[in-house]
Amino acid sequence: MLVHEGHTNARKFFTSANAGSYDSVVRLATFGQDFAWKRQILQATGRRNSVLELACGTGILSLILAQAGKSVAGLDLTFGYLAAAKNRVQLPLAQGTAETLPYRNESFDAVVSSYLAKYVDVQRVVDECWRILKPGGVAVFHDFAYPDGIMRSFWNTYFYILGFAGRLVTSWKVVFDQLDDVIRKSDWAIKTESALYKRGFQNVSCKYYSAGTAAIISAEKP
Ligand SMILES: C[S@@+](CC[C@H](N)C(=O)[O-])C[C@H]1O[C@@H](n2cnc3c(N)ncnc32)[C@H](O)[C@@H]1O
């Protein structure tokens, strides 16, 4: 069976050894932008109530959604991250891959994900989102982007420095060393948009944030 390169990266990057420090790392490494991006994801779900978070990780976004009154379920690949989510927020959690979802057809109003798209076969994920979404439901994908222009030089310098910082924190070394290359090579936004159109989603929208360093794509199932 062909193993998607993203799976290899995800299994290498996210482990029980770094689950405990993930929240601080994502907050510091994104200069607090992570919270702002997650608020945008919440906004993209609108008034829809039942939300599935794919790659819920330690549950940062799940908690934001739950505090906004949504009924939330979470799925993630990594046991250590799911254990952290369980400590943060009470919600149904499942271990598995976003490409094969253990949920019934038309069971959610919204499916969201943050930092998942570059690790998966996005067409398979989009097909699964279509299957489990109710008509009128929305799929929202958020991930890092490789910025253009002058910002690109800052971004490259930042990751160069992060590579040095990684030498001090063993559990994050491989991520700080390789994440920039994964983001540079990823065409997740183009692939996601095209997968959404191909599957029949409507009102596909792609917005860039924080000087082009992140993007959020949303689309509705008619
Ligand atoms: C950078 S963390 C993001 C966690 C969370 N979404 C957040 O924004 O804080 C990436 C997460 O994606 C999960 N992941 C990677 N590939 C996955 C897949 N194929 N299916 C489900 N989860 C996956 C990892 O286990 C990890 O928890």
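**Notebook: a hairpin, a buried leucine and a helix pair**

I looked up tyrosine 209 and found that its bridge partner in β7 is alanine 214. I noted that this is a predicted model, in which local features need pLDDT of at least 70 and side-chain atom pairs count only at pLDDT 80 or more, while totals for chains, interfaces and linings use all residues. Residues are numbered from 1 along each chain as its sequence is written.

I then followed the two strands, β6 (residues 202-209) and β7 (residues 214-220), which run antiparallel and are joined by 6 bridges (strands pair if DSSP finds at least two bridges between them; strands are DSSP E runs of at least two residues, and helices H or I runs of at least four, numbered from the N terminus). They form a hairpin with 4 residues between them, and serine 210 in the turn has a positive phi of about 50°.

Next I turned to leucine 82, which I placed in helix α6 (residues 79-88). Leucine 82 counts as buried because it has 20 C-beta neighbours inside 10 Å (the cut-off for buried is 20 or more other C-beta atoms within 10 Å, for exposed 12 or fewer, and partly exposed lies in between, with C-beta atoms placed from the backbone). Leaving out residues up to four places away in sequence, I found leucine 82 touching Asp76, Leu93 and Gln95 (contact means C-beta atoms, placed from the backbone, within 7 Å).

Last, I checked helix α8 (residues 149-166) and helix α9 (residues 173-185), whose axes come within 7 Å and cross at roughly 160° (axes are lines fitted to C-alpha atoms, for helices over the stretch in contact, with angles from 0 to 180 degrees between N-to-C directions). α8 is therefore roughly antiparallel to α9 (angles over 145 degrees count as roughly antiparallel, under 35 as roughly parallel, 65 to 115 as roughly perpendicular and the rest as oblique).

Technical notes:
Two residues are in contact if their C-beta atoms, placed from the backbone, lie within 7 Å.
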